[in-house]
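Colleague: Could we go through the charged contacts in this model? I would like to begin with a single pair and then move on.

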Amino acid sequence: MCGIVGYVGRAEAAPILLDGLRRLEYRGYDSAGIAIVDGDHVETRKCAGRIADLSKLMAENPAAGHYGISHTRWATHGKPTDQNAHPHFDESGKLALVHNGVIENYQQIKETLLQEHEHHFASETDSEVLAHLVGQIYDDSAVGVLDPRRHKSLLVEALRTALQQVIGTYGIALCHSDIPDFIVGARRGSPLVLGVGKDENFLASDVSAIVAYTRDAVYLNDFDLVAVERDKFEISSLGGERGNHSISKVEFTAEDIKKGDYPHYMLKEIFEQPGSVRDAMRGRLSLEECTAKLGGLNMTAAQLRDVGRVVLTGCGTALHAGMVGEYLIEQLAQIPTEVEFASEFRHRNTPMTRDTLVFAISQSGETADTLGALRESQRKGYRTLGICNNVASTIARESDGGVYMHAGPEIGVAATKSFTSQVVILNLIGLLLGRMRHLSTAEGTRLIEALESLPEKIEEVLKLSDTIKGIATKYAEATGILFFGRQLNFPVALEAALKMKEITYLYAEGHPSAELKHGIIALVKPELPSVFIAPDDAVFSKNLNNIEQVRARKGPIIAVTTESGAVRLKGIADDIILVPDAHDIAMPILTVIPLQLFAYHLAVALGRDVDKPRNLAKSVTVE
Ligand code: G6P
């Protein structure tokens, strides 16, 4: 959701900023821009389109200088046009600013600047208003001879004063052509990290933008301001107090965020799942005690035993993982579990009991709605834990404990490996809570064995990629696709449909199989294939009834099933995707992967931009 990169050092800023933007492109990709200070003036290049378009612009008309800021945008206020692309300037044209977030009271501030100072605005954005506000406050204070030291602190003070007037969220970087080798950042609600180098420092929305240059990072907190120079930085709070932050080591390297030989990040990440699933359970299973060990929950045995209700909240794919979690926790631990859209949870009065345990599930750990839900739950006094992938993320840091996914960076906008890691972790939570109650050692052992056998079984599923590609190509003319599943595989149907919508732009919906006859069957026709997730389990024969109902109405059927299921579906399903047999709790992981591949291959067949689907962003840090 918009990406920011800033640089101050001895190297040429342009290639570093462009490289960083390319790595942040997953956050937004409808327009991009750069501002670099060249001597006494700011050079800016910006355009609607991708970073590749900005690179072309820079190649045709280079900008030189050793400090600057840059931005890749996902539009909130104002269409994706050249004018609305960041950076934005103040009235003097000397201050450039990039912004990630939403300034809610920008209209009011704009009115004042128009009426009292006759400012001129070039864009429709809320961000430009912020640039003007900071510039106006700075210009009012920075009178007299230019003294770099004094003016640096005046610029920081101007930003502080402006932000005190602002309602909304922001990750900000700015620079001023009068103040050499100096950039300033601030955050509230949108992530910002400081990269600490040798004789150079960086600002970025995410460490992946800067990990090629430094692995030393300082994760800023909400209401932090940071003044950055080549060889030093100073953090202070919005209230003016000096900050005290430690430098952390980034846990992955630049190598980990390369695409390697894969044509797309999404495919790479699908194929990483044997490893990511293994990493999600590494060191967390105890065969001796037949349970899971999750020290990061920060809860004693007695506290775990006393949990009377669980609420799982998240958005998109994370919400679907939560829905699998609801089945798992209720099945394994018999604890009533609710799944709540994070965006709804924080604005409604979900009934909570004193013994409710809340989990906020988020790959990025930065999703605004999920963060809002976490804060609301904590405000009400509930223990709220995180299930996150991004270790230093806001949700990971603000939660009362949690479980990390350890899935490695996920760059493809369509989430894949994070879903399977989340499902593994929810299995571990179900197992742990179950073993605090009635779940026997024998069943605990069976569950552990089922989980431990997953990586090998996933390898088998991945071997189906070419077969699935053939099936996907066959259905490239479809007008849409329906997905059906029961029990633990119902959320898989939702997730498969989400993948399909996200990257193929085809109409796709997921439903519980039995709902078919309550309306959806009206849609069935030869051009609309139905995918049934129907392993040979306790509800197989029920699924079979629904499959027959579709077949009777000439709807093409693709079945994801196990070997014995395939025998019974021969001559009924048009196409069969065969997954290995497994314990029910492991099945959603084995059934979702072929459907990730199905969406992927269909999107490629349709010529879609798989890693950067239209209108989407990976990390949605606005509401
Ligand atoms: C966005 C992404 C989805 C993702 C959702 C939640 O909508 O496009 O792929 O599932 O955010 O993201 P999170 O980082 O909180 O898991």
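Modeller: This is a predicted model. In it, the side chains of glutamate 234 and arginine 242 form a salt bridge, at 3.9 Å from N to O.

Colleague: Is glutamate 234 buried, exposed or partly exposed?

Modeller: Glutamate 234 is partly exposed, at a relative accessible area of 41%. Arginine 242 is exposed, with 65%.

Colleague: How many salt bridges does a search of the whole structure find?

Modeller: The search finds 30 salt bridges.

Colleague: Which residue does arginine 379 form a salt bridge with?

Modeller: Its partner is glutamate 376, and the closest N and O atoms are 3.0 Å apart. Both residues belong to helix 11 (residues 368-379) and are three residues apart, about one turn of the helix. Arginine 379 is exposed, with a relative accessible area of 60%, whereas glutamate 376 counts as buried at 18%.

Colleague: And what about aspartate 575 and lysine 474?

Modeller: Their side chains meet in a salt bridge of 2.8 Å, N to O. Aspartate 575 lies in strand 26 (residues 575-578) and lysine 474 in helix 16 (residues 465-474), so this pair ties together parts that are 101 residues apart in sequence. Aspartate 575 is buried, at 11% relative accessible area, while lysine 474 is partly exposed, at 48%.

Colleague: Which residues are linked in a network of salt bridges?

Modeller: Arg187, Asp222, Arg375 and Glu398 are linked in such a network.

Colleague: Changing topic, how many residues of helix 13 are buried?

Modeller: Of its 19 residues, 18 are buried, so helix 13 is mostly covered. Helix 13 covers residues 417-435 and reaches 27 Å from its first C-alpha to its last.

Conventions: Residues are numbered from 1 along each chain as its sequence is written. This is a predicted model: local features need pLDDT of at least 70, side-chain atom pairs count only at pLDDT 80 or more; totals for chains, interfaces and linings use all residues. Side-chain values use heavy atoms; hydrogens and water are left out. Helices (H or I, at least four residues) and strands (E, at least two) are DSSP runs, numbered from the N terminus. The expected span of a helix is 1.5 Å times one less than its number of residues. Buried means under 20% relative accessible area, exposed over 50%, partly exposed in between (1.4 Å probe, protein chains only). A salt bridge is a side-chain nitrogen of Lys or Arg within 4 Å of a carboxyl oxygen of Asp or Glu.
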